Amino acid sequence: MTGLEQEGVGPAFRNWRAHRPFVGGLLLTLGGVEILITMKVSLKIVVHLGMQGLAGFMLPALMVVCGLLILFNPAQRLFYSIVGIMLTLGTWVTSNLGGFFVGLALGAVGSCMAFGWLPDQDPRVSRRQRRKNERQGKAAMTAPETTEAAAADDGQTEGEGSLRGSIRSSTAVSPSHLTT
């Protein structure tokens, strides 16, 4: 069996999604699709007809292409997100005020998210895993410490300004910095 068959489809998709600006590309794509859909509404609903030509359909179609390219080619995400935001802002004039502001907002937010995505970030840890880690950390903190571990810390006792002593304990022993 290969690793993909052992993992299952869900973890494989989660791993694929973690290595690219997924939400940004998806929002840019959805913004372009929404603008294309609003281009097909009746003339009674249309607020702004825009340039009666190819530009009204080309800009949202290119938004969809940029969104898909961000998803499938994340190495070039900066270029695609800059082109995506320019196309999104161009739909304000050419396509019913950017799909009645919804497509414009989706495209702008998606482009900005794709631009700001950092590839070397650690994948997000689920809430369930964070709670589990917290419980394990609290259990480790409540375990009694041995005196050897405390003494081996920096070679000083706790009252003599050791790293293990708190600020209160070190100032209580020697409050010379408080006196004038």
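## T38 in its helix

T38 has its place in helix α3, where a helix is a DSSP run of H or I with at least four residues, numbered from the N terminus. The model is a predicted one, in which local features need pLDDT of at least 70 and side-chain atom pairs count only at pLDDT 80 or more, while totals for chains, interfaces and linings use all residues. Residues are numbered from 1 along each chain as its sequence is written, and side-chain values use heavy atoms, with hydrogens and water left out.

With a relative accessible area of 6%, T38 is buried, a word that stands for under 20% relative accessible area, with a 1.4 Å probe and protein chains only. A polar atom of the T38 side chain lies 2.8 Å from the backbone oxygen of I35. Leaving aside residues up to four places away in sequence, T38 touches N96, G99 and F100, where contact means heavy atoms within 4.5 Å.

## Helix α3 against helix α4

Helix α3 (residues 22–38) and helix α4 (residues 55–72) have axes that come within 8 Å and cross at roughly 160 degrees; axes are lines fitted to C-alpha atoms, for helices over the stretch in contact, and angles run from 0 to 180 degrees between N-to-C directions. This crossing makes α3 roughly antiparallel to α4, because angles over 145 degrees count as roughly antiparallel.

The crossing of α3 and α4 is left-handed, which means that the near helix is turned anticlockwise from the far one by less than a right angle. Among the residues that meet here are F22, L26 and V33 in α3 and F57, M63 and L71 in α4. The residues of this contact divide into 15 nonpolar, 5 polar and no charged, where Ala, Val, Leu, Ile, Met, Phe, Trp, Tyr, Cys and Pro count as nonpolar, Asp, Glu, Lys and Arg as charged, and the others, Gly among them, as polar.

## Helix α4 against helix α5

Helix α4 also packs with helix α5 (residues 77–94), at an angle of about 155 degrees and with the axes 9 Å apart. That makes α4 roughly antiparallel to α5, and their crossing is left-handed. The meeting residues include L59, C66 and I70 in α4, together with R77, Y80 and L87 in α5. By class, this contact has 11 nonpolar, 7 polar and 1 charged residues.

## The chain as a whole

The protein chain has 10 helices and 0 strands. Of its 180 residues, 27% are buried.

Methods: Helix = DSSP H or I, 4+ residues; strand = E, 2+ residues; numbered from the N terminus. Parallel < 35°, antiparallel > 145°, perpendicular 65-115°, else oblique. Buried < 20%, exposed > 50% of the residue type's maximum accessible area, 1.4 Å probe, protein only. Polar contact = N/O pair within 3.5 Å; in protein donor to acceptor, adjacent residues only side chain to side chain.
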